[in-house]
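Please look over the model below.

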Amino acid sequence: MEAQTFELKFKLNGKEVNALVDTRETLLDVIRDTFGLTGAKKGCDEAACGACSVLFNGHAVCSCTMLAAEAHGGSIVTVEGLSVNGEPASLQKAFMESDALQCGFCTSGQIIAAASLLDNADRELDDNEIREGMSGNVCRCGAYNKILHAVSETSRKRKAK
Ligand code: FES
Ligand code: FES
């Protein structure tokens with residue numbers, strides 16, 4: 001099949017960006033290879049592990065199976081875009097404080113999934129709701145209990161504000 005290009009424009013971590021992309025390129029490849037943001041990882045490459053999660057218009061999506069062209073006109077936030085004035089966001093700090101990782105390969109996807117879950121919740125979430133909400137994100141190191149702790153603490157603190 002002959003390559004077709006597309007002038008992609010979207011907001012990436014709050015900044016308007018554009019790039020000439022192949023219409024068959026995935027969002028993950030464009031984020032990593034064109035824009036050099038390597039937080040989102042390629043794990044399964046078939047929407048089964050969540051390592052490639054990014055926020056698309058405020059909700060977590062698997063960028064490995066989403067075409068970059070589908071992001072046209074939308075807003076994408078990667079784990080790099082969660083920091084505030086160069087400082088890790090409270091959710092990112094909670095992952096560090098809870099020691100919620102081992103190898104770290106799944107971590108950016110876990111944080112994005114948690115951000116989506118918490119940002120779209122109107123109340124503190126219980127552990128089962130967090131487990132359910134993050135069930136699409138696999139951690140092969142089995143750091144689930146500490147990940148749950150990090151997300152639960154963040155949910156509790158947000159509610160307390
Ligand atoms: S790499 Fe996209 S879900 Fe696994
Ligand atoms: S920390 Fe290694 S896969 Fe989750």
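A residue is buried if 20 or more other C-beta atoms, placed from the backbone, lie within 10 Å of its own. This is a predicted model, where local features need pLDDT of at least 70. Residues are numbered from 1 along each chain as its sequence is written.

Helices (H or I, at least four residues) and strands (E, at least two) are DSSP runs, numbered from the N terminus. In helix α1 (residues 27–34), L27, L28, V30 and I31 are buried. Their cover includes β2 (15–22) and β3. G36 follows α1.

Strands β3 (residues 53–56) and β4 (residues 59–62) run antiparallel, joined by 4 bridges. Two strands pair if DSSP finds at least two bridges between them. F56 has H59 of β4 as its bridge partner. The hairpin has 2 residues between the strands.

| Residue | Place | Phi |

Now the helix pair. The axes of α3 (residues 107–119) and α5 (residues 144–160) come within 11 Å and cross at roughly 30 degrees. Axes are lines fitted to C-alpha atoms over the stretch in contact, with angles from 0 to 180 degrees between N-to-C directions. α3 and α5 are therefore roughly parallel to each other (angles under 35 degrees count as such). From α3, Q110, A114 and L118 make the contact; from α5, I147, V151, T154, S155 and R158 do. Contact requires C-beta atoms, placed from the backbone, within 7 Å.

Notes: Chains lettered and ligands numbered in written order. Predicted model: local features only at pLDDT ≥ 70, side-chain atom pairs only at ≥ 80, totals over all residues. Parallel < 35°, antiparallel > 145°, perpendicular 65-115°, else oblique. Contact = placed C-beta atoms within 7 Å. Buried ≥ 20, exposed ≤ 12 C-beta atoms within 10 Å, placed from the backbone.
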